[in-house]
Amino acid sequence: MTTTRGLRDREAPITMLTAYDAPTAAIVDEAGIDVVLVGDSMGNAALGYDSTLPVTMAEVKSRTAAVARATEDALVVADMPFLSFGVDEAESVRNAGELLKEADADAVKIESGPHTVETTRRMADVGIPVMAHLGLTPQHVNRLGGYTRQGTDQDAAEEIIDLAGAHAEAGAFALVLEHVPANLAAAVTEALDIPTIGIGAGPDCDGQVLVINDVVGLGEWSPPFSRQFGDVRAEMTEAVEAYRDAVASGEFPADEHSHVEADLGDLY
Ligand code: KIV
Ligand code: NA
């Protein structure tokens, strides 16, 4: 069983992948991945939105519960969707708690900033493990003007280092660093005594995370910092077309798929 405390103490790189449904979570868990993230990337990766902003608490809850039911060993982290935190402190803590209490998450992840330090502390205080997230935070796309690399000058880099320290001090158990220069991620990793998990953040983080669609080759597009390790889209396309053709030609179902016949007397 992967625990938030176990992650902090381990030597080998931490492996984390997203999953949004039970069969995928089972594959990820059985492969020995340490952390399953029910990311709000489900907006693009599973729900057909063109950003993460429309994703709701109900969607994250439902998907988290499905993933948790199929996961035995990995830590299940539920991503808090846009506006489910950060507007009102009490509501943020309650929403986070519901992901543990109703959807069986082990921890939550929050896109972090100066406004989430106290929220993180409050959640940690009541017993909700929090994974922080700095660098590119896609819920801020409208403010950032795009999904661009963050922390690229000294001021911006310093702000990320300071915020990382503040969230660790507030009780976050791990930190995702997204789309930042590798040397900044290395500096943050060295400065913190909680693990860093990078995506587009170079090789020096304590772990790596990617979106499952990108890893298995399910989507039509993936970011340049990810790597496609399989071609599930081609495999599924082939299977679906073969099914279509088999039905069209009458080859499916064959006798072995439908051999049971009822005694209909003189009805048929
Ligand atoms: O939603 C997500 O998948 C994420 C990861 C990319 C870290 O936040
Ligand atoms: Na996310």
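**Exercise 1. Find where Thr 137 lies, and determine whether the residue is buried or exposed.**

Step 1. Locate the residue. Thr 137 lies in the loop between β5 (130-135) and α7 (141-144). Helices (H or I, at least four residues) and strands (E, at least two) are DSSP runs, numbered from the N terminus.

Step 2. Consider its accessibility. Thr 137 has a relative accessible area of 6% and is therefore buried. Buried means under 20% relative accessible area, exposed over 50%, and partly exposed in between (1.4 Å probe, protein chains only).

Step 3. List its neighbours. Leaving out residues up to four places away in sequence, Thr 137 touches Glu 111, Ser 112 and Leu 144. A contact means heavy atoms within 4.5 Å.

A note on the basis of these exercises: this is a predicted model, in which local features need pLDDT of at least 70, side-chain atom pairs count only at pLDDT 80 or more, and totals for chains, interfaces and linings use all residues. Residues are numbered from 1 along each chain as its sequence is written, chains are lettered from A and ligands numbered from 1 in the order in which they are written, and side-chain values use heavy atoms, with hydrogens and water left out.

**Exercise 2. Describe the pairing of strands β1, β6, β7 and β8.**

Step 1. Begin with β1 and β8. These strands run parallel and are joined by four bridges; Leu 17 has Leu 210 in β8 as its bridge partner. Two strands pair if DSSP finds at least two bridges between them.

Step 2. Continue to strand β7 (residues 196-199). Two bridges join β7 to β8, again in a parallel arrangement, and Ile 197 has Gly 207 in β8 as its bridge partner.

Step 3. Val 176 stands opposite Ile 197 in β7.

Step 4. Examine the side-chain directions. In a regular strand the side chains alternate between the two faces of the sheet. In β7, Thr 196 and Gly 198 point one way and Ile 197 and Ile 199 the other way, and all are buried.

**Exercise 3. Characterise the largest pocket by its volume and its lining.**

Step 1. Give the volume. The largest pocket has a volume of about 780 Å³. On a 1 Å grid over the protein atoms alone, a cavity is a set of points where a 1.4 Å probe fits but cannot get out, whereas a pocket is an open set with protein on both sides within 12 Å along at least five of seven lines; lining residues have an atom within 4 Å of a point. Grid points are joined across faces, edges and corners, and a volume is the space filled by probe spheres set on the points.

Step 2. Name the lining. The largest pocket is lined by 34 residues, with Ser 41, Asn 44, Val 211, Trp 221 and Pro 223 nearest its centre. The elements giving two or more residues to this lining are β1 (14-18), α3, β4 (107-111), β6 (174-178), β8 (207-210) and α10 (212-216).

Step 3. Classify the lining. It comprises 15 nonpolar, eleven polar and eight charged residues. Ala, Val, Leu, Ile, Met, Phe, Trp, Tyr, Cys and Pro count as nonpolar, Asp, Glu, Lys and Arg as charged, and the others, Gly among them, as polar.

**Exercise 4. Describe the backbone at Pro 253, Asp 104 and His 179.**

Step 1. A cis peptide bond joins Phe 252 and Pro 253, with omega about -5 degrees. Pro 253 is in the segment after α11 (232-249).

Step 2. Asp 104, in the loop between α5 (89-101) and β4, has a positive phi of about 65 degrees although it is not a glycine.

Step 3. His 179, in the loop between β6 and α9 (182-191), has a positive phi near 50 degrees. At 12% relative accessibility, His 179 counts as buried.
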